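Subject: A structure for you to look at

Hi,

Here is the structure I promised to pass on to you. Please open it next to this email and follow along as you read.

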Amino acid sequence: MHALDRKLLRDFVRLWAQALAIALVLGCGVAALITSFGMYQTLGDSRAAYYDRNRLADIWASARRAPRTLLPELAAIPGIRTLEARTEGLVTLDIPGRDQGAAGQVISLPASGAPILNVPLLQSGRLPDPAARDEVAVNAPFARANGFALGDRFSANINGTRRELTITGTVLSPEFVYTIGPGAMMPDNKTFGILFMPDRAAAAAFDMTGAFNSLTAALYPGANKAEVIEAVDRLLAPYGGTGAYGRDRQISDSFVSSEIDQLWSMTIILPPIFFGVAAFLVNMVLGRIVALERPEIGLLKALGYSNRTIAAHYLMLAGLTALVGILLGWGAGAWLASGLAKLYARFYDFPYLIFRGSWTVYAVGGLLGLAAAAFGALRVALAAARLPPALAMQPPAPPRFRRGLTDRLMAWLRLSQPAMMIFRSITRWPFRAATSAFGIAMAVAVLAAASFFNDAMDKMMEVTFALANRQDAMVIFTSTLPERAVDEVARLPGVIAVEGQLVEPVLLRRGQYEKHTSLEARRPDTDLSRIVGGSGRVVSVPPGGLVLSARVAAQIHASAGDPVEVEFLSGRREVLTLPLTGTIEQYIGIAAYIDYDTLNALRRQAPRVSLANVTLDPATRRDFDRAVKDIPAIAGTSMFSDARRAFQETIRQNISVTATVYLVLAVLITVGVTYNGSRIQLSERARELASLRILGFSRGEVSFILVGEAMVLALIAQPFGWLAGLGIAWAFTQGLDSDLYQVPFVIVPATFARASLIVLLTALASALVVRRRIDRLDLVAVMKTRE
Amino acid sequence: MPDAVFRTEGLTKVYDTGTVKVQALGGVDLALYEGEFAVLLGPSGSGKSTLLNILGGLDTATGGHVWFRDRDLTGLKDRALTAYRRDHVGFVFQFYNLVASLTARENVQLVTDVSRNPMAPSEALDMVGLGARLDHFPAELSGGEQQRVAIARAIAKRPDVLLCDEPTGALDSKTGVQVLQALKRVNDELGTATVVITHNVAIRKMAHRVIRFQDGNILSTEENAARIDPAEIEW
Ligand SMILES: Nc1ncnc2c1ncn2[C@@H]1O[C@H](COP(=O)(O)OP(=O)(O)OP(=O)(O)O)[C@@H](O)[C@H]1O
Ligand SMILES: [Mg+2]
């Protein structure tokens, strides 16, 4: 081995603590990249492959009952490649041994056996016999959650008749990667399942023989989706069509897309922070090493080593550090990515995850890590190489301190000598001071941004569960019923309070802008389910007007006072124009709201309801569950009390995992910055500090200078960290913005206080570790060595 | 008279610090010969180090010419100067300038790694009497020993010239003598032309020739009719 390489390795080993502190920060960047970008790729690739192999439809449409004779006409719409008509319906399920009911979504399988579009992927058993009347295949997660084996039976209340069904197989479907039941907040495979039933049996059960109520279609590449949707809507309108839509409005895919978008925001926000801080640290530490090794550099040049060799020598030192960081990052990234994949497996039902691009992600992570280190090292290494040899051999001129404005200020403030030394040093090396402050600010920002999520979730939970949805359960009817159905619900066992609600699918239109949404109406004095705006204000809709989620209003470019066209997608499909009386900020879902009497009057109907919100006596919950199962008009119940608990648990769990990860990240940045900063301070000032000790300053006073400077910089960094944290949080909310949920941009002062406290304590601890070196400072040795 | 290794003609060096211009060399005409052991004497600030640095290719002159054998060093670019230093020059500095993280052997290896026809590091260390301390780090060696490692490092490449800037400046008389003996031995056995800068007038007696410097110019040169052995030098 060459002597120079030996020097490199020995220097690296000697600098291990500083190198490790940098490597950890760099490793965070690599790990963050592998986790977020790797998962982004994996989810994207898996989704693409799954959709492609199992031919997910491009267009969905539903109707009340359309004749099959309409199909040739539909198939002739330009752009449509394949068309499949199905029977779909919601049913209540009676799971043996369980009081609580479950809901099932029936989807018919064509007489030929397997469908052409949205092909279910068999996981076990077989698809039901096309001729069988009581066989179903169910989605595998539903079977797993309920402990079903092949051949197990359960009963379903289908369109008013109770039927025993036998499970012949379990499947996964590209239509149900994210399986969320009607009215539910999050997936619960125990209480919601997909039942694949032969067409004949399904058609007979839902009275769809010779007809269909669900249509899916695949388009030719390059087909005009909007035109196809318009044509389909035109043809289906007479048969109660509720508006066709593409993948963008398909529930399962919306959730998957939102997750993928979120991973992308993480990819572009997090790794650059760590790579940036790591580059700065490399620059800072290497700069100091080169300053210390001036004589060695001069010597190497005198011995005839070329500039290139010398630059490479210092680049390699950064490279070794990067290498350690990259290896750590690869390990941590692999671990985090597998953890994340497991988390996804809980919510998303992919039959397989494709890690095809996996090694490229690792390579990209490694290359970016090396690039960050090289970026930080390059200027310093080149400067080292360019040192004129004769000059390098001489000790550097002592740094020039000038009396300036700050000095006069300090004199006026009567700062103590040590305090003066701190401030002089900061103003003498402003770039290094700024670098340290930048790193600390990033640590604060990462923490603040992470706990911002906590605050946002709290806000979402409070508004959604404590203020808006206070019911224990939502009883969903199979179709709209006269308002007296509410009284029937009130008579069910254990029901303490009940309120009806009418929900209609509508198409809102203003100018050329359209938006599908549901129009909700409730009596003005409701107490269980209320309309709550972002500020927590309960909103009542004035008669004759329309209130929209702000997001919907923005999408159709409407503001308060504007007339909005409302097209009902049910019944007589009236088209009415109503004034927009107000908008509200909503966090989960989107909707349009109207006064109850106004809606019924506009549709010229006696008051009707499509669901009932109830509060239940927990003691008689079982009786309620049992009773509901046997009522044909009830399509299902959504248990909000359960959802609330599950939501809370899941979110809390996810957030505490994320919070821990971010805490570790922030601590690593702070340690990296402060430890290295203080080590540099110590190395530069060893003589100075030793002189002070010899002059009679105590250890405490001397370390005050060292620790003080680190803490002054950390303090200066705080407001910048808060600002950067706001920026990151804001960027995240933008990345998360979708029709499914909008994360509120809430700022709780305690978040900043907490982030600052953690970072300042970590900084103090890191500086104190270096302080211990002062305690061990060998005064004689320091004074004897040549600087 | 043997051939000249170095020849300078009107060599000047001006340091421009921005505020003041310092004339370090004021037109030096000098010749140094193959196999010669020359001592450069002069008061502090007289330009000795400046001259040595220019001869060794560590620095460039402001005016005039300097030849190494028949090669004009003036105007050589950085890359050419680096190659020149690597192939022909051995340096010894006042403050040893050893790499702290390398052992004695490895410090010598630093040179042998990049030279064309080097001796083994252990051989070079043997020549300066440190054959037994091969694997010691600088911190484990005395000042005199460190300086002898520096000499071993300078001679290991079998340089054509050995340039020493106050090699005994930081040493006491006993260890200084050991260092001088090492230098003399190299000069005697390898015939390497050697230039030694010193403040120590006593050392002049071991030289073939003594060159006195003052204010950037040569004050006088004198040849020693009889050289004495370093062992007889005391200060
Ligand atoms: N890098 C530099 N910048 C400015 N002036 C310099 C520089 N190096 C040397 N000088 C000046 O040039 C003159 C000659 O310096 P040089 O180092 O050659 O003297 P010297 O004879 O070696 O002195 P000493 O015996 O003290 O080492 C001095 O006046 C010195 O101040
Ligand atoms: Mg000198």
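This is a predicted model: local features need pLDDT of at least 70, side-chain atom pairs count only at pLDDT 80 or more; totals for chains, interfaces and linings use all residues.

**Where chain A meets chain B**

How many residues does each chain bring to the contact? Chain A gives 24 residues and chain B gives 27 residues. Together, chain A and chain B bury about 2,200 Å² between them, and 58% of that area lies on carbon and sulfur atoms.

Two salt bridges are found across the interface of chain A and chain B. Counting polar contacts between chain A and chain B gives nine residue pairs, with both residues at pLDDT 80 or more.

Sorted by type, the residues on the side of chain A that touches chain B are 12 nonpolar, four polar and eight charged.

**A buried strand in chain A**

Next, please find strand β4 of chain A, residues 102-109. Is this strand enclosed or open? Eight of its eight residues are buried, so β4(A) is largely enclosed by the rest of the structure.

In a regular strand, side chains alternate between the two faces of the sheet. You can follow this along β4(A): A102(A), G104(A), V106(A) and S108(A) point one way, while A103(A), Q105(A), I107(A) and L109(A) point the other way. The residues pointing either way are all buried.

β4(A) also has strand partners. Strand β3 of chain A (residues 88-94) runs antiparallel to β4(A) and is joined to it by six bridges; here V91(A) stands opposite G104(A). Strand β9 of chain A (residues 192-198) runs parallel to β4(A), with seven bridges between them, and M197(A) in β9(A) stands opposite S108(A).

**A sheet in chain B**

Finally, have a look at chain B, where four strands form an open sheet in the order β2-β1-β4-β5, with antiparallel pairing. Its edge strands are β2 (21-33) and β5 (71-72), each pairing on one side only. Inside that order, β1 (residues 4-16) and β4 (residues 63-68) of chain B pair over five bridges, and T8(B) stands opposite V66(B) in β4(B).

Enjoy exploring!

Best wishes

Definitions and conventions
Residues are numbered from 1 along each chain as its sequence is written. Chains are lettered from A and ligands numbered from 1 in the order in which they are written. Side-chain values use heavy atoms; hydrogens and water are left out. Contact means heavy atoms within 4.5 Å. Buried area is the accessible area (1.4 Å probe) that two parts lose on being put together, summed over both. A salt bridge is a side-chain nitrogen of Lys or Arg within 4 Å of a carboxyl oxygen of Asp or Glu. A polar contact is a pair of N or O atoms within 3.5 Å; within protein, one must be able to donate a hydrogen and the other to accept it, and residues adjacent in sequence count only if both atoms are side-chain atoms. Ala, Val, Leu, Ile, Met, Phe, Trp, Tyr, Cys and Pro count as nonpolar, Asp, Glu, Lys and Arg as charged, and the others, Gly among them, as polar. Buried means under 20% relative accessible area, exposed over 50%, partly exposed in between (1.4 Å probe, protein chains only). Helices (H or I, at least four residues) and strands (E, at least two) are DSSP runs, numbered from the N terminus. Two strands pair if DSSP finds at least two bridges between them.
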